[in-house]
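These are my notebook entries on one chain. I set down what I looked up, entry by entry.

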Amino acid sequence: MGVAAETVALLAAKFEVILPHLDERQRRLLMGAEARALGHGGIAAVARAAGVRAATVSLGVDELEAGVEPLGRIRRPGGGRKRLVETDPGVRTALLALVEPDTRGDPMSPLRWTTLSTRRLARQLTAQGHRIGADTVADLLRQEGFSLQSNAKTLEGKQHPDRDAQFRYLNERVKTHQAAGQPVISVDTKKKELIGEFKTAGRQWRPAGRPVQVAVHDFPDRDLGKAIPYGVYDLTADSGWVNVGTDHDTAAFAVESIRRWWNGTGQETYPDATRLLITADAGGSNGYRTRAWKAELAALAAQTGLEITVCHFPPGTSKWNRIEHRLFCHITMNWQGRPLASHEVIVQTIAATTTTTGLAVHAELDTGQYATGVTVSDAHMAELPIVSHDWHGEWNYTLLPAWAPITTDPAATTASPRRDRRDDRAWLAYPALTGLAQREWDQLIDQLTLLRHDQREADLHCQRGGPRKVAAGTGRHPCLTLTERLLITVLHHRLGLPQAVLADLFQVTLMTANRAIRQIRPLLKQVDYIITPIQKRLYTAADLTAYALSTDAFPSEINSAC
């Protein structure tokens, strides 16, 4: 006897309400349970009520009678449609050949010079006979370890062989100054910004469909001009000072920014400071080759009474300057998506920059005029109280405060008193100053003579690019003898005399004195001679004279030569 029509109608009404809320397996098990409850003819009746095949209901009955534990999933393992990589094993290889044509596939791939979007990849694979969608392409790329990547600025070009050693030297100077309670700052010029309604990178929350309207072209506004933010970041205090200029990014502007920081907050933060360490990159207005930068710093040292040490990062490594990722990046994020309509907007936005670690920034506008094309003569450079460090003196140097800046008035400019080249400098080589008896001095000269000759010939060979073309002894002669070069080196390392003072004493340029020290130093190392410095450091020619006259062993008959 079959199932009554009324029962089938009741089941149909029940299934119509419940089945849409169940997944495939749950529907199958529900129908199987109802069929078992109805007994004979139940499978056919439930199939008619649910509108499915009798085999589907019978499968549900079998699953219930088998007593299978809940699977935690809809289909049994292995059920459902097979994955594309299983039905089309070649699709993975074809995809990798498209995304890596240089290593895995054809370097003349049609997608070699286009953006590798998933849609373009899917279309190209489909054209090759691999029917695939963009989402599946993305899934396969993730399985192969791919992800969306932007460019990484890591290539620094040709690296200096002493790059890492300079980083270590700079780091040691920073730790030494901080341990002594002396200020350490990182300086640099931020990217120049156009003033006006111009597009800036980034986005901000706005009402949908109502973005801020900006100019189509980024042509500078002649009236508004541009902003030049020069930053000073205090590494110890985690604070920034930004001087927003409106004229030119010159060495004078860079040092004026440091001066404003010192007068505004540095002097108050470090009332007992006697030294200042500046870390800067190798180029720009504060580059190590910029003479005006050193001249302006010398004036700042004289004005503040600070001994200013500068350590430059090696060429091509400005991204490691601390100010870049401790100050400038946060300023950029703070004004993203916001047109810099005026200088006031820039100053206020910079001043409002903060971080969760407590960064505080002060900003002010500098409307001063800074001339470009300013040159510093050799005579001016020779008079600067600059002391080059033993390690890469071009990158690391100290400016002493004992200096009076040269006036720019031609009528007031007088030639600095210099000793005549013919003056007797025998007193400089006296044992009280060199630390060597006359016999030891002569022996050292004899040891260095042949080494210096070979060194000079090797240098000339490199400069000429080959063997000499004229007879030995012809051409321009060196401006310093071996004895004078050795004397400059010994007085510099033993007495601490600045290279500028030694250049003045020997009537040569600062560059020549610096080169002499660099040439003699490795020769002394070859003969195993170590210069032992005295306890008191001498800074000026007057200090040298006073020290010489105060030495008991210094003969009185040559005092007049001092």
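This is a predicted model: local features need pLDDT of at least 70, side-chain atom pairs count only at pLDDT 80 or more; totals for chains, interfaces and linings use all residues.

**Entry 1: helix 3 and its end**

Helices here are DSSP runs of H or I with at least four residues, strands are runs of E with at least two, and both are numbered from the N terminus. Residues are numbered from 1 along each chain as its sequence is written, and side-chain values use heavy atoms, with hydrogens and water left out.

For helix 3 (residues 42–50), I list Gly42, Ala45, Val46, Ala47 and Ala49 as buried. Buried means under 20% relative accessible area, exposed over 50% and partly exposed in between, with a 1.4 Å probe and protein chains only. These buried residues pack against helix 1 (5–18), helix 2 and helix 4; contact means heavy atoms within 4.5 Å.

**Entry 2: helix 2 against helix 4**

I then took helix 2 (residues 24–38) and helix 4 (residues 54–66), which pack at an angle of about 85° with their axes 7 Å apart. The axes are lines fitted to C-alpha atoms over the stretch in contact, and angles run from 0 to 180 degrees between N-to-C directions. The two helices are therefore roughly perpendicular to each other, a label for 65 to 115 degrees. Among the residues that meet are Arg25, Leu29 and Met31 in helix 2, and Val57, Leu64 and Glu65 in helix 4. By class, I record eight nonpolar, three polar and five charged residues in this contact. Ala, Val, Leu, Ile, Met, Phe, Trp, Tyr, Cys and Pro count as nonpolar, Asp, Glu, Lys and Arg as charged, and the others, Gly among them, as polar.

**Entry 3: Gly181**

I found Gly181 in the loop between helix 9 (163–179) and strand 1 (184–189). Gly181 is partly exposed, with a relative accessible area of 42%. Its C-alpha atom is separated by 7.4 Å from that of Ala273, 92 residues apart along the chain.

**Entry 4: the whole chain**

I note 20 helices and nine strands in the chain. Buried residues make up 40% of its 562 residues. Of the contacts with a separation of 6 or more, 72% are between residues 24 or more positions apart.

Technical notes. Angles under 35 degrees count as roughly parallel, over 145 as roughly antiparallel, 65 to 115 as roughly perpendicular and the rest as oblique.
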